[in-house]
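Hello,

Here is the structure we spoke about. Please open it alongside this email and follow the residue numbers as you read.

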Amino acid sequence: MADTMGHSATATRNTSVAIGFCLLAVAPQIFEFIWSIGTIFGWGAGRGPATVLISHATALLAGAPAAIFGSVGGDAKKASSDVLLALIYSYPLFVVAILTFFMTIRSGQDYIGGTMLMALALFALWASSDLQGMRGFSFGAGTAPRMFGGLLVALGAGIALTGLLAEGPALSHYSWRGPLFVMASIVFFALAIRPLGVVVSAFASFLIAAMGTHETRWIETTIVGACLTLGCAVLFPYVLGLPMPMFPRFLVQ
Amino acid sequence: MELFANLAHGFAVALTPINLLMCLIGALVGTLVGVLPGIGTIATVAMLLPITFGLPPVGALIMLAGIYYGAQYGGSTTSILVNIPGEATSVVTAIDGHQMAKQGRAGPALAIAAIGSFFAGCVATILIAVLGAPLTKLALAFGPAEYFSLMVLGLIFAVVLAKGSVLKAIAMIVFGLLLSMVGSDIETGASRMAFNIPELADGLGFATVAMGVFGFAEIIRNLDAGAEMNRDLVQQKITGLMPTRKDLADSTPAILRGTVLGSILGILPGGGAVIASFAAYTLEKKIAKNPSRFGRGAIEGVAAPESANNAAAQTSFIPLLTLGIPPNAVMALMVGAMTIHGIVPGPQVMQKQPDLVWGMIASMWIGNLMLIIINLPLVGIWVRLLRVPYRLMFPSIVIFCAIGIYSVNNAPVDVILAGVFGLVGYWLIKHDFEPAPLLLGMVLGPLMEENLRRALLISRGDWSVFLTRPLSAVLLAIAAFLLVLTVLPALRAKRDEVFTESEN
């Protein structure tokens, strides 16, 4: 049945998968950039957005190739962590992305899953690259993470390979509504519990989570939410004696 | 007759009012969780971990244990009556159990399920008591090399018994091992993969990951399908619980076989209640004189898997209590509960904490007795609970989980981390990766690394130590043998057959 779907469909699919992988390859850099915007407003300590952008760009475009050729030439200069990120994480994924163009993906589920697992493992390899390795015959802090990271890269590659060689299910459909609102509810709760207390944050989170499906009926949801909030407010702090604020801080004071 | 003295001591502990109450609460919550689809045992145990803070350790563990085996009972009730398995362990029970209910024999089906479970629970309790002491002695002969090999064997078992691709299951274990390494290194104190986030310095909380991957991910997945799950509630009047003489005669051998099979699969690392019920059903179908009866209301199809899942749920405590190695994800959470209360699981627990171990063993028998009482007469109440629509249930679970995680460390970051792992779990489900091996890898990770390091340090960096020490070599050989067997095409086909049984 897959053959009758036509070849052009696979081709366009491949392009979007490859573009997705390219994005994945620079995802940590993008994440740090977005995160660094916060420093403008004085949130968190870290490099400013301009520094982040410049250092990653130079690392990706110039630093890492130089490091490759440098190491060939026997230059033992220590590479910076940005260059290492480009070297260990981004470049292998770019290679996979380029290869994706020329492949027929037989099972999108396996191919993409395997590659993303590989990306996770590469990222872990980078994250543990600053740790000490073997000292004589005793393990350093970084030995085991690197060992398992390497193993996971191989396994991820293996899974991706089965996605190329054997027929299997295509990438299944992701929906956005459920994950979005459930996540929003969780994040809201995490941010609100300290300043606003159990009562407000639990009730509001309940309503946010309820938006995760279009079947919600608001009157009954509000009533159940209120009852649940009341129950939690009695159960956790009083019956179980767990310390947590009940009401918003500005109301109590 | 040390055994009887120990058991008597255990009953003395378990029969104190507070522990009886804990046992009852555990059994009730377990039944509730078992009845309600969309919330699993793992998520519940993770959710209730913080609640046990204020309790004495014995009571806390008695309650958590009760949830695990209680869920096996509860799951069968809804499987039989409304064809909705509340737990993965009772999926196969629904095949024949619901057919029996349709033929108006819901009463006998429920009764046989309960009797089978109770019998299996009794046998498993005795088994734990009998096997506990000798296995502990064996464990004391274990060095780091043997421990490492044993854990490798356990993880391989998890791979063999996992559903789907072997490669994916191994990848999930390694992913779990990697996750377990986040945080401070035990020996050098170096911060590993923590990105200077103070909350990560202590490592990823096990309960946090479990709640994300099993709690939140499950909710998000269920929302995909639409909140209104297919629940055609046909509540029959249950008339006559008593099975006929023929029912009893038919199901007795099935209960015995299910109990034996379940007990074995429960002890094996990586096994557990789900696989036990599938295997027991398949076995019954294989050896039946007339296999076509299965799927049309054969009572053996109810008796065997229900006995097996209950036996397995309880015998899986054996490796935990004697070797300190959790054989499945729920037991891994029990390790978490024990560490919260300052108990290091392992062979020394039996000697140092006799109250805890024997009290828990005795409580299992008491709990099983309570479950019969909870389940049979109160069956109507549990079924009525199914009328609570999922659109109201899922936000409640989200909030309950969020408060639960927050109260473990009073850390808002933990809640966000659990959410992130919820998305990871959703991604895993979408790519057909199984989360259970991941959790097992994550729990065994620190233990494995520590023993690997120690073994190599003692052998002065010589890797052959794992093969030159006889016990370790045997364990590794079994692991290798199993892995080869799994990849062989003949067995693969059989393994897939066992799992497809659940699909239809």
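This is a predicted model: local features need pLDDT of at least 70, side-chain atom pairs count only at pLDDT 80 or more; totals for chains, interfaces and linings use all residues.

In chain B, helix α4 (residues 57-82) packs against helix α14 (residues 329-340) at an angle of about 165°, and their axes are 10 Å apart. Angles over 145 degrees count as roughly antiparallel, and α4(B) and α14(B) are therefore roughly antiparallel to each other. The crossing of α4(B) past α14(B) is right-handed.

Which residues meet here? From α4(B) there are B:Ala60, B:Leu61, B:Leu64 and B:Tyr68, and from α14(B) there are B:Val330, B:Met334, B:Ala337 and B:Met338. Sorted by class, this contact has eight nonpolar residues, no polar and no charged ones. As background, an α-helix has 3.6 residues a turn, so residues three or four places apart point the same way.

The contact between chains

Chain B puts 53 residues into its contact with chain A, and chain A puts in 59. On the chain B side, the elements that give two or more residues are α8 (166-180), α9 (206-224), α18 (390-409), α19 (412-430) and α20 (435-458). Of these, α18(B) gives the most, with eleven residues. By class, the chain B side has 34 nonpolar, eight polar and eleven charged residues.

Helix α18 of chain B

α18(B) has 20 residues and spans 29 Å from its first C-alpha to its last, close to the expected 28 Å. Is it mostly covered or mostly open? α18(B) is mostly covered, with 17 of its 20 residues buried. After α18(B) comes B:Asn410, which has a positive phi, near 55°.

Regards

Notes:
Residues are numbered from 1 along each chain as its sequence is written. Chains are lettered from A and ligands numbered from 1 in the order in which they are written. Axes are lines fitted to C-alpha atoms, for helices over the stretch in contact, and angles run from 0 to 180 degrees between N-to-C directions. Helices (H or I, at least four residues) and strands (E, at least two) are DSSP runs, numbered from the N terminus. Angles under 35 degrees count as roughly parallel, over 145 as roughly antiparallel, 65 to 115 as roughly perpendicular and the rest as oblique. A crossing is left-handed if the near helix is turned anticlockwise from the far one by less than a right angle, and right-handed if clockwise. Two residues are in contact if their C-beta atoms, placed from the backbone, lie within 7 Å. Ala, Val, Leu, Ile, Met, Phe, Trp, Tyr, Cys and Pro count as nonpolar, Asp, Glu, Lys and Arg as charged, and the others, Gly among them, as polar. The expected span of a helix is 1.5 Å times one less than its number of residues. A residue is buried if 20 or more other C-beta atoms lie within 10 Å of its own, exposed if 12 or fewer, and partly exposed in between; C-beta atoms are placed from the backbone.
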